[in-house]
Number of protein chains: 4
Amino acid sequence: MRFAETDAQGIAHHANYPIWFEVARVAHLERHAGGYQRLRDEGIEAIVLEVHARYIVPARFDDVLVIHARCSDVRGARFSYAYAVERDGELVADGTTYHATVDAVSLRPTRVPSWLLEAVAAAEGSWPSGSSP
Amino acid sequence: MRFAETDAQGIAHHANYPIWFEVARVAHLERHAGGYQRLRDEGIEAIVLEVHARYIVPARFDDVLVIHARCSDVRGARFSYAYAVERDGELVADGTTYHATVDAVSLRPTRVPSWLLEAVAAAEGSWPSGSSP
Amino acid sequence: MRFAETDAQGIAHHANYPIWFEVARVAHLERHAGGYQRLRDEGIEAIVLEVHARYIVPARFDDVLVIHARCSDVRGARFSYAYAVERDGELVADGTTYHATVDAVSLRPTRVPSWLLEAVAAAEGSWPSGSSP
Amino acid sequence: MRFAETDAQGIAHHANYPIWFEVARVAHLERHAGGYQRLRDEGIEAIVLEVHARYIVPARFDDVLVIHARCSDVRGARFSYAYAVERDGELVADGTTYHATVDAVSLRPTRVPSWLLEAVAAAEGSWPSGSSP
């Protein structure tokens, strides 16, 4: 938690969570699928269609948070990710993001590349035990 | 749209929308219910339980966006708001936020004050015609 | 002041001021010189070389701040802006930003276009009385 | 570099650097002086008086940046930090921040505690070789 991410309630402002989700998603793609940059190199952009975040307990300045991310679905030109934000084993928040892959120039939907499909299918994604993503 | 709100895809980064929702919610409370500060003055904090955002078309630098907000539900210690982001009459995004009112010291749930209840019930909230919030 | 711009000290986080400076600079260019987009349309990008901000009194949630901006110098491929952030006539912060105009493709320095030079020279820029920018 | 920190020029937006400076400053205090929280526990707040940032080359998405921080001066109720942002040994940006320690309740200046003074004086702070901070 950065100090800049706190608000006047003394907690992490809720709009930071989608940013943290993205940081975890990018790291997951990096580790398992050659990185988000590989997508962009192939002329594909991944766009965000929807974000859901659920806040369970507040996060505070200097908290060390672990953001778990896993690809929860891929079909056609769509994929989704699920997230769990943990602090010392306690669930702080969770969420889901929905994405589409589009041609970087025409912005038309284009199928999720098979290498990405295979990579994220094979990936386990770290996930907190005891939660049902 | 601020330039600082753009990202390397040349569009408004999706994490800005929850911030814009909040700006509209605060303005709505200001206009209809004496402001968010009045809540805080009574020792009540409104916390965010959930945020949903759905992105329909990208927003770009220098776009003039209108954020419509209306209180969509109040019961007990919970209330929710619905949002529609428009540019020149086109729906750019929509969303919902879920909130709870809590005692500022104990952080225990406390009923939404009746003055707030009445104020938001009476308020119409600007809402784009043709959409069904 | 947006609530998202506060921090756990209950005041506007200091990293917001460069964003507000930019909002005022873009509005100043819009009003006096056809807008920042006109620069981009000519294949010119304005880049930021330096930012200085001086914080005098804290800004708080719901404060209405006026950001004064004026172009303080233009020569060759460089220009600078001065800013004053006011609340009810009180100086909250001031600052300066230094910029260069570069070719959008080669990123090499290119002279500030004469139309921009003339426009900002002619512009007065709102400025708080009693301060010496 | 987070994707959310990029802007429509495809580079890190300049307003992120003061945030990165703060992250490095907080980490430096953590390592050498028991942390920023120890200050707050003693009823002292450190406020930001001034920020200077100088941008040398742009940072891009997925860049791994190292932020060097060292306390450059302490006297009375004032202290300052110097920063150097590096990517693969190349200087991307540098900067300075000026701070005051104040009583958390009265907000009056209060001397920098001696334990902090001694800690930061003893600390070397990582610093890129070949640069003259």
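A polar contact is a pair of N or O atoms within 3.5 Å; within protein, one atom must be able to donate a hydrogen and the other to accept it, and residues adjacent in sequence count only if both atoms are side-chain atoms. Across the interface of chain A and chain D, four residue pairs are in polar contact, both residues having pLDDT 80 or more. The model is predicted, with local features needing pLDDT of at least 70 and side-chain atom pairs pLDDT 80 or more, while totals for chains, interfaces and linings use all residues. Residues are numbered from 1 along each chain as its sequence is written, chains are lettered from A and ligands numbered from 1 in the order in which they are written, and side-chain values use heavy atoms, with hydrogens and water left out.

Chain A and chain D each give 15 residues to their contact, where contact means heavy atoms within 4.5 Å. The area buried between these two chains is about 1,300 Å², and carbon and sulfur atoms give 58% of that area; buried area is the accessible area (1.4 Å probe) that two parts lose on being put together, summed over both. R2(A), F3(A) and F61(A) supply 40% of what chain A buries against chain D, more than any other three residues. Two salt bridges are found across this interface, a salt bridge being a side-chain nitrogen of Lys or Arg within 4 Å of a carboxyl oxygen of Asp or Glu. R2(A) forms a salt bridge with E5(D), in which the closest N and O atoms are 2.9 Å apart.

Between chain B and chain A, 24 residues from each chain take part in the contact. The buried area here is about 1,800 Å², of which 52% comes from carbon and sulfur atoms. Q9(B), H14(B) and Y55(B) supply 27% of the area that chain B buries against chain A, more than any other three residues. The count of salt bridges between chain B and chain A is zero, whereas 10 residue pairs are in polar contact, both at pLDDT 80 or more.

R40(B) has a relative accessible area of 21% and is therefore partly exposed, a class that lies between buried (under 20%) and exposed (over 50%), computed with a 1.4 Å probe on protein chains only. Leaving aside neighbours within four places in sequence, R40(B) is in contact with A8(A), Q9(A), E45(B) and F3(C). The side chains of R40(B) and E45(B) are joined by a polar contact of 3.0 Å.
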